[in-house]
Amino acid sequence: MKTSKNVKSILLLTVLLTCNGITYSQDNTEQVPKEYSVVKRVDNFNQPTTFYPTKATPVNGAISENVVTSAKRVLNKEKPFLKKGVVKTVGEADLSAWQMTSDEGGNPQSAPNPLTYFTAGAASDLLTQVERSIQIMGLDVEDVKVETEFFFRWSDIMTDNWSGYTDKVVTNIVVKSNEPAEKIKELKEMSIRAWSIGESLANKTAIDAENVINGDDWDGKAAQAGQVPSPVSIDNGRTITNTTPALQLQTIKVTEDLDMDMNDFPKEMRFSEVGIAESAHDAKRPYLHRLRAKSLTAHYETWELFSDDSRGYEGIDTAPTSREYFTLGTSFCLMSQLTPNMMYFEKKGVKIDDFAVEHQFNYRETNFMTPAMTGEMTDVVTRILVKSDADENLANQFAVQALRCCFAGEGSVQETEMETNIYLNSKLVK
């Protein structure tokens, strides 16, 4: 694949931001950088200030997962895309609140980029549905994993028509078993029906979007100086994040990282993210997964994360859920779009002082743990908080354009091309 007309690393935007004098602290005073972990369990969740988080009441054998996030900037001159967020599934006593960080570009990358969380969360959610379906069907399966590649695109970069897209998602279920092919084909169909994140990508999802310009809701939202000193996160003696060697996928060909051309910034950028979700083989937490994912872009790390979807089992969660990663990944993606658009609008004379993002994604599974199990994302709440002395209409245009640039948000709100396959003992089942 030629690089001259394809993706250039987000690192280029990092360089551009640095060179164009973006303000990194609101009052230009030096702040002592706070050290953040990649992923950390937290006692208190600073819930959104622009809406009240709600938990849907499940009916007719359904379960609901209502995931809420709050994200803000972390000021760092070397890493202008650094941010942190907190995520919590509403009303679930056995699910913790988790604080995470995200970074793009840089060398090395200090935390996973937003689409690593987004992609890994989607793959893990599908693996959970496969494992549940195996249990429902009573199949004898020796091993199962999910491999995926998400294809993203920016168009009309650095113009008033700047937009981001999730063009396609390829997801392969890889099974090792002596079960007949017909049973494995049925396993695929049952798993896809229950895959809430997959349903949200394949179909349009209702969105309640609002921009809050200079609102009274900035307590705890202002940007602060910070850094992420290590890729390793440890919780209760367990390593739950780290960097890892390059991925080797069984069913997807991983292309070489695409490099950048500083002298040829394109009007359009295409890139992809690959990931693997596998069981962590923990008897006490049977839906604990080991996730690995990477943006196929120069200077990006391969990240190892753990997710825990062991709903209903005794004990507290040992890592964020699949859907918490996916939801916060979407919030981080929107934060990443606000950053370069801040630069673009500043070039037009519109100064943005600060911004933050709040989300609620509502997931639902009907007929839970039955052959008729189906999953969906019922609706999305999106709030962009903007602080600026600019004309309110111009500040609102900034938020609207950034939202339009968000690959992850577009993937959930609009219909995305989905290709899902299943392999039995290395052979494609048709």
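Which residues is D125 in contact with, leaving aside its neighbours within four places in sequence?

**Entry 1: basis.** I worked on a predicted model, in which local features need pLDDT of at least 70, side-chain atom pairs count only at pLDDT 80 or more, and totals for chains, interfaces and linings use all residues. Residues are numbered from 1 along each chain as its sequence is written, and side-chain values use heavy atoms, with hydrogens and water left out.

**Entry 2: D125.** I looked up the contacts of D125, taking contact as heavy atoms within 4.5 Å. Leaving aside neighbours within four places in sequence, I found W195, S196, I197, D309, S322 and R323. D125 belongs to helix α2, which spans residues 114-137; helices (H or I, at least four residues) and strands (E, at least two) are DSSP runs, numbered from the N terminus. I then checked accessibility, where buried means under 20% relative accessible area, exposed over 50%, and partly exposed in between (1.4 Å probe, protein chains only). D125 counts as buried because its relative accessibility is 1%.

**Entry 3: aromatic pairs.** A pair of aromatic rings is described by the distance of the centres and the angle of the planes. I applied these cut-offs: rings of Phe, Tyr and Trp (its six-membered ring) pair if their centres lie within 6.5 Å, and planes under 30 degrees apart count as stacked, over 60 as edge-to-face and the rest as tilted. The search returned 17 aromatic pairs in the structure. One of them joins W154 and W162 edge-to-face, with 5.2 Å centre to centre and 65 degrees between the planes. Both W154 and W162 are buried. F361 and Y363 make a tilted pair, at 6.4 Å centre to centre and 55 degrees between the planes. F361 is buried at 2% relative accessibility, and Y363 is buried with a relative accessible area of 1%. I also noted one aromatic cluster, whose members include F118, F150, W154, W162, Y344 and F345.

**Entry 4: charges over rings.** I required NZ of Lys or CZ of Arg within 6 Å of the ring centre and within 35 degrees of the ring normal. K348 sits over the face of F345, at 4.5 Å from the ring centre. R132 sits over the face of Y287, at 5.6 Å from the ring centre.

**Entry 5: cysteines.** How many disulfides does a search of the whole structure find? I found zero, a disulfide being a pair of cysteine sulfur atoms within 2.5 Å. For C333 the closest cysteine sulfur is in C406, at 3.2 Å, so the two are too far apart for a bond. C333 is buried at 1% relative accessibility, and C406 is likewise buried at 1%.
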